[in-house]
Amino acid sequence: MARFIDHRETYGPQAVEAMLRAAMPFSTLVDVGAGMGRDLGIARAVCPHGALHAVECYPDNVRLLRERGCTVHAVNIEEEPLPFTDESIDVVLSNQVLEHVKEVFWIFHEMARVLRVGGVCILGVPNLSALHNRLLMLFGGHPTQSKMCSAHVRCFSRGDFELFLDECWPGGFRLEKFMGSQFYPFPSVVARHLAGIFPTLAHTIFFMLRKTRPYDGAFCRYPVLARLETNYRTQAVEHPAPCGEPLVLPE
C-alpha cells in the first residue's frame, strides 16, 4: 500500500497554503513546532515581506533552520512561554505538533495570549476519525495515529476539538475554515479529491480559527476548574493571570 501513498499529503501543504492565503494580509507569523521549516517556506511564498518566526526545540531542526536563515526561538513549548508580547502576532501556525504534547492547555494559553484579536490560528493534526481508522477499529484494529510505540500522545477529531475550545474558552475562537488532507489508502490525485469532499474522514484535519476577543487566561484555568486528575503544568498556577498581566509560575 505504501507505494501508492504520497506521504507529503499527510502534512497538507495545499491546506496550509489555502488557509494562509485566506489569512492575508498579515505581517507577523509564528510557526510553533516549525520542524525543518517546510510550512515556513509556504508562508514565505504567500507573504514574501512578512516577519516569520520559527519556534522549535529539537536541536537538529534548530541548527538546520538557522542555517537556512530563519529567525529561530529555541523554546520547549510544553514548559516555557512563547517569547512574544501579548497580542503581537497576526498568524500562529502549528502543523503536526499538538498530537505530540501533553501540556495542550498551556500551549493554547500561550498561543491565545500572543495572537492579536482578529488574528488567525492555523492548526493541523492527525484525525482519529479518519475512514481507515474507523475500519480498523470496526475489525478490532488500532488507529494508526495513536500507537504506544510512537511519538503521538494525543488524539484529535473535529467534534472533540471544537468541544475542547468551547469548554475551555467559550466564544474565544471562531472556526472560519476546515479542511482535510490525505486519504488512506489512495494515491495523491484521488486522496486530495476525497479529502476535499469528505474532510472529516481524511487522515489529517486542518482548522483555521479567528480570535474574536481579548484573551483572559481561560485555558490555564480549565484544568483546575474541571478538576482534571493529572499533573498538568497549569495546575501549579492557582489563579492564572489575564492577558496583559504576568503569569508567575513556581520554580
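I'll go through a strand, a single valine, the cores and a helix.

Keep in mind that this is a predicted model.

Start with strand β7, residues 204-211. How many of the eight residues are buried? Eight of the eight, so the strand is largely enclosed by the rest of the structure. Look at the two faces. Thr 204, Phe 206, Met 208 and Arg 210 point one way. Ile 205, Phe 207, Leu 209 and Lys 211 point the other way. Note that Arg 210 and Lys 211 are on that buried list too.

Now the partners of β7. Strand β5, residues 115-126, pairs with β7 in the antiparallel sense, over seven bridges. Within that pairing, Val 120 has Arg 210 as its bridge partner. Strand β6, residues 173-181, also runs antiparallel to β7, and eight bridges join them. There, Leu 209 of β7 stands opposite Leu 175.

Buried or exposed? Val 91 has 1% relative accessibility, so it counts as buried. Beyond its sequence neighbours up to four places away, Val 91 touches Leu 20, Ala 23 and Phe 26, among others. Val 120, the partner of Arg 210, is also one of the residues Val 91 touches.

On to the cores. The largest nonpolar core has 39 residues. Those with the most contacts inside it are Phe 108, Met 111, Phe 161, Phe 164, Phe 173 and Phe 219. Elements supplying at least two residues each include β4, β5, β6 and β7. Which helix gives the most? That is α4, with seven residues. Take Phe 164: leaving aside neighbours within four places, it is in contact with Val 104, Phe 105, Phe 108 and Phe 219. There is a second, separate core of 25 residues, which includes Val 16, Leu 40, Ile 122 and Phe 206.

Last, helix α3, residues 59-67. Its buried residues are Asn 61, Val 62 and Leu 65. They cover an arc of only 100° around the axis, so they are on the same side of α3. On the other side, Pro 59 and Glu 67 are exposed. What covers the buried residues? The cover includes α2, β2 and β3. After α3 comes Gly 69, with a positive phi near 85°.

That's my tour. Thank you.

Conventions. Residues numbered from 1 in each chain as written. Predicted model: local features only at pLDDT ≥ 70, side-chain atom pairs only at ≥ 80, totals over all residues. Heavy atoms only, no water. Buried < 20%, exposed > 50% of the residue type's maximum accessible area, 1.4 Å probe, protein only. Helix = DSSP H or I, 4+ residues; strand = E, 2+ residues; numbered from the N terminus. Pairing = 2+ DSSP bridges. Contact = heavy atoms within 4.5 Å. Core = buried A, V, L, I, M, F, W, Y, C linked by side-chain atoms within 4.5 Å. Arc of directions from axis to C-beta.
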